[in-house]
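Student: Take me through this structure term by term. I want each label set against its cut-off.

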Amino acid sequence: MNLDFRNINTLWASVLVETLARSGLKTAIICPGSRSTPLTVAFARHPDIEAIPILDERSASFFALGIARRTHQPVVLVCTSGSAGANFFPAVVEARESRVPLLILTADRPPELRNCNAGQAIDQQKLFGSFTNFYTEIAIPELLLLSYLRQTVLNAIEQTQYPIAGVVHLNMPFREPLAPIEQSGMPSQVPANFFEHISNSKSPKLGGFRGLPDNFATQRGIIIAGVSQPEDPKQYCQAIAHLSKSLSMPVFAEALSPLRNYASFNPYLISTYDTILRNKELAKALAPEVVIRIGEMPTSKEVRLWLEQIQPLQYVLDPSDRSLDPLHSRTIHIRLLIEDLQTVPTLPITDFLKDWLAAESKMRQIIDQSLAEETALFEGKSAWLLSQTLPPDIPLFIASSMPVRDAEFFWKPGDLRIQPFFNRGANGIDGTLSTALGIAHHQTAVMLTGDLALLHDTNGFLMRSQFKGHLTIVLINNNGGGIFGMLPIAPFDPPFEEFFATPQNIDFSKLCQTYDVKHEIIETWDQLRDRLNPLPPDGIRVLELRTDRHHDANWRKTKLKHFANLL
């Protein structure tokens, strides 16, 4: 046991940390502050937990989210009292919406120092509102309450993952002494069996339903595999391939899922559906009667509009207790993982499937040929090139706004087992760099991002001294918000350029120099290929592609429509 008996606060905090360690916790992100001193000392002293100090709470929270997203295991966040915890809020929202396990410990003033103008004291009760799985305030440390603390912490860590992954918040008031100062009257041990019952074994999966209704079998059905970051990508892809081949249904393979990177598992993958559906006659001819959707909705706006128009019967397979149908369609939620589906009939290959595969083959050839011939630095080509160039098994964090959409449009199926990661719970650009660093911690990873998303989180670079691993940042610098050029507001300038595109006119070479981060301007696609494979073993570097967002927005609008009309 790794307990600290010097005073009641050190013992209290060390019991909490020992409980978490025995439950399997591996990582704690610590933000500096005084009131959280007992927690900081306890985490820093524990040999089985990696404690990482990070200055900025907002960056720290997204760094923790990145680690938890990659490992599918809870990560602890610690901060002092006052407004510190409020800086966690954007990451809490993202974790809630994308089901990432975080345990947040906010130190606090004791009750007698609240509501009396004491320094660094705000109302921290239910600070994150309805975005948590569970919240409670822990009692003021007392020797007689150690077992209460242990069991409350056990319950809290379990609720970060079950029945669905998310955020748990424990508010923790401390009185003085905060430092590990010797205090008289302290015990020298706890009962020998105090932690015996704690193990890090996972709770059993919930639910007993393992089959689909009989009436889903149809001559005209499709499977939509939406946004997903499964714990076991190979098993996930195999399960969907089994369902697809058994039912003889095409699979819309979202780029923000592993499917396109395990392409040989499934001969019925459709990767160019967004462009195909821009051909309205073909979209009508290829409309299904039944849709089986795996998890969340795909990124593609074309798919959403199409489903809203044709109103098929939908079965949504997902263990969540939430509604996953923003279209409010004829939808039946089946609360299970695709990996747990067992009862599937075998259906013959249909003309409907053949028609979808023919459209995919032709459109894939059109897109690939066009991008292969594109010599200008069109930003959409970056996703296409990454899909074929990155080393096998590499994690890739894809920033929101245009990078996720370019991946949806252009990511080419292959067998490199690239692991896509993203923050698409709330679909914002908060914490982009910090999340990517969390994913890359203790390994090598790549991030594809625009300039505004990177600038929104440059404090993430402050983690460079604590960061262990390598992150290559492929920076699409189009000096503004490229996605807004795709929206109806674009022709209205003013105010479009100043208030929507918001160009920042930043010299990224100087910015990187400030943080001692390597920087290189990419001028050709061959140069980018050379820099992406192999990747360095450590450090952070930025590969900057300077592009023209006006040209690129027009490229997407005109070329994708033209491609669709070629079918």
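Tutor: Start with secondary structure: helices (H or I, at least four residues) and strands (E, at least two) are DSSP runs, numbered from the N terminus. This is a predicted model, where local features need pLDDT of at least 70, side-chain atom pairs count only at pLDDT 80 or more, and totals for chains, interfaces and linings use all residues. Residues are numbered from 1 along each chain as its sequence is written, and side-chain values use heavy atoms, with hydrogens and water left out.

Student: What makes up residues 432–532, in helix and strand?

Tutor: The chain there is 36% helix and 20% strand. Its end C-alpha atoms are 20 Å apart. An unreviewed UniProt entry annotates residues 432–532 as "domain: Thiamine pyrophosphate enzyme TPP-binding". Such annotations may be inferred rather than shown by experiment; feature names are shortened, and positions follow the numbering used here.

Student: Why is threonine 389 called buried?

Tutor: Buried means under 20% relative accessible area, exposed over 50%, partly exposed in between (1.4 Å probe, protein chains only). Threonine 389 has 12%, so it is buried. It lies in helix H11 (residues 380–389). Leaving aside neighbours within four places in sequence, threonine 389 is in contact (heavy atoms within 4.5 Å) with Leu416, Arg529, Leu532 and Asn533.

Student: How do you know that cysteine 79 is in no disulfide?

Tutor: A disulfide is a pair of cysteine sulfur atoms within 2.5 Å. By this rule the count is zero. For cysteine 79, the nearest cysteine sulfur is that of cysteine 31, 6.5 Å away. Cysteine 79 is also buried, at a relative accessible area of 0%.

Student: What lines the largest cavity?

Tutor: On a 1 Å grid over the protein atoms alone, a cavity is a set of points where a 1.4 Å probe fits but cannot get out; a pocket is an open set with protein on both sides within 12 Å along at least five of seven lines; lining residues have an atom within 4 Å of a point. The lining here is Cys237, Ala241, Leu259, Tyr262, Phe265, Asn266 and Leu269. Cysteine 237 has a relative accessible area of 3%, so it is buried.

Student: Which residues lie nearest the centre of the second largest pocket?

Tutor: Thr299, Ser300, Lys301, Arg304 and Arg405, out of 33 lining residues. Helices H9 (301–310), H12 (402–410) and H18 (549–565) each give two or more residues to that lining.
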